[in-house]
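Colleague: I would like a close look at one part of this model, the charged side chains and their surroundings. Please take me through it in one go.

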Amino acid sequence: GKRQIADEPASDVDRLISSISGSLQRIRRPARTLATDGLRINTSDRVVKQLIAIRTRRELGRLTVFVSVDGDGETVDGVRVGLIARYADDLPALSDDVRDIVDEVLVETLGGDSSAVARRNISVRWQDVYTREWLTR
């Protein structure tokens, strides 16, 4: 069955978004504001990236090497995630879990309509924990 992380109330997500936004003002590159379905508060690519990284670490125990929120202007048309694989990981199954997390984060932060295209275009790649070579999948 599908994992349930819907137990985080909206206020917790808002708090997390606010704290991430606040702590990231020091980073030089300006965040890209993203179009949403008009939910709650404005969000940015940085918030989406951080939430994906935090949840992937918390729920799957895997570190993200990068998260890319792709698209022009305020639109998002895809998400690419690179992660560290461990020996004996079931990569196809873990990739599905990562896609579930990305899907949930996109719906929560952007809304179902604004994230519809991106949620059909989630790519997951893995790096070997020792060599840091990309593993073909």
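How many salt bridges does a search of the whole structure find?

Modeller: The model is a predicted one, and a search of the whole structure finds six salt bridges. Side chains of opposite charge can pair when their charged atoms come close.

The protein chain has four helices and six strands. Read from the N terminus, the order of elements is α-β-β-α-β-β-α-α-β-β. Of the 137 residues in the protein chain, 39% are buried. The chain exposes about 7,700 Å², and carbon and sulfur atoms supply 50% of that area. When contacts between residues at least 6 apart in sequence are considered, 62% join residues at least 24 apart.

One of the salt bridges is between Asp 70 and Arg 80, with 2.7 Å between the closest N and O atoms. Asp 70 belongs to strand β3 and Arg 80 to strand β4, which covers residues 78–85, so the pair ties together parts that are ten residues apart in sequence. Arg 80 counts as partly exposed because its relative accessibility is 39%, a value between the limits of 20% and 50%.

Another salt bridge joins the side chains of Asp 96 and Arg 99, at 3.0 Å from N to O. Both residues lie in helix α3 (residues 91–110); they are three residues apart and therefore separated by about one helical turn. Asp 96 is partly exposed, at 42% relative accessibility. Arg 99 is also partly exposed, with a relative accessible area of 23%.

Asp 103 has a relative accessible area of 23% and is partly exposed. Arg 119, at 25% relative accessibility, is partly exposed too.

Helix α3 also holds Ser 95. This serine counts as buried because its relative accessibility is 0%. The C-alpha atom of Ser 95 is separated by 8.6 Å from that of Ser 123, although the two residues are 28 apart along the chain.

Arg 62 is in the loop between α2 (45–60) and β3 (64–70). With a relative accessible area of 9%, Arg 62 is buried, as the value falls under 20%. A polar atom of the Arg 62 side chain lies 3.1 Å from the backbone oxygen of Leu 60. Leaving aside residues up to four places away in sequence, Arg 62 touches Thr 56, Arg 57, Leu 83, Ile 84, Arg 86, Asp 89, Leu 94 and Trp 126.

Key. Residues numbered from 1 in each chain as written. Predicted model: local features only at pLDDT ≥ 70, side-chain atom pairs only at ≥ 80, totals over all residues. Heavy atoms only, no water. Helix = DSSP H or I, 4+ residues; strand = E, 2+ residues; numbered from the N terminus. Buried < 20%, exposed > 50% of the residue type's maximum accessible area, 1.4 Å probe, protein only. Polar contact = N/O pair within 3.5 Å; in protein donor to acceptor, adjacent residues only side chain to side chain. Contact = heavy atoms within 4.5 Å. Areas by Shrake-Rupley, 256 points an atom, 1.4 Å probe, with all protein chains shown as cover. Salt bridge = Lys/Arg side-chain N within 4 Å of Asp/Glu carboxyl O.
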